Amino acid sequence: MSATVDTLVESGEAERLRAPALLAAVLEQFHPNVALACSFQKEESVLLDMLFELEPKARVFAIDTHYLFPETYELWRLVEQRYDTRVEVFEGPSRDELAAAHGESLWEQKPDLYLAVAKVEPLARALGALDCWITGVRRDQAPTRANAPKLGWDERHELWKANPLADWSGADCWAYIRERGLPYNALHDRGYDSIGDTHSTIAGAGREGRWADSDRTECGLHT
């Protein structure tokens, strides 16, 4: 077995590894208790391709808030067909359950509570049985992500977290997608750089289109 993740982090080698090599390292040590958190954006298009090339039985999970865009659900179906896989689903409350418990448009009235029940709690369930999770976090996405390591210990969730594309740019992602002819979320072609729920996402550069009517840039999954 090659160097453990502890050794890679302590030596600084993790920061020097290219994305496929970092994925290979965490797969070697943790599979099948490692999974990609997939939000079906351009970063995940890249990571899905790398991941399944390395391990055809790699695990992928998604959080379904029941308010994702139709284009996101369509890409979800394409991903499962292309890679002959089944994305593991962790759901928030259904629309009816959410309205019954908290009233209509909870994301407007109490956005912190909405995110807690629709995203943060399902994520905690998804990570509960894992030793490592993989994300599409990039440092240039937002100031809150500027110091994201390629590999590190996630103290909040008590497992390792790999961000193989931390030092990539958006242009790097698009170059890889075009070179490999990969499927991607059609909303990117309509000006949506970052894609979340229908009720809180508009077109915009970077993460400007997320929670655009507030000073929020994160939904609580990565900070």
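The accessible surface of the protein chain amounts to about 10700 Å², of which 48% belongs to carbon and sulfur atoms (Shrake-Rupley method, 1.4 Å probe). The model is predicted: local features require pLDDT of at least 70 and side-chain atom pairs pLDDT 80 or more, whereas totals for chains, interfaces and linings use all residues. Residues are numbered from 1 along each chain as its sequence is written, and side-chain values use heavy atoms, with hydrogens and water left out.

The protein chain comprises 9 helices and 6 strands, taken as DSSP runs (helices H or I, at least four residues; strands E, at least two). Its radius of gyration over C-alpha atoms is 17 Å, close to the 17 Å given by the globule rule (2.2 Å times the number of residues to the power 0.38) for 223 residues, and the chain is therefore as compact as a globular protein of that length. Along the principal axes, the C-alpha atoms fill a box of roughly 55 × 35 × 35 Å. Of the contacts (heavy atoms within 4.5 Å) with a separation of 6 or more, 71% join residues 24 or more positions apart.

Buried residues (under 20% relative accessible area, 1.4 Å probe, protein chains only) make up 51% of the 223 residues. Beyond four places in sequence, Ile134 touches residues including Leu23, Val26, Leu47 and Pro164.

Technical notes: Buried means under 20% relative accessible area, exposed over 50%, partly exposed in between (1.4 Å probe, protein chains only).
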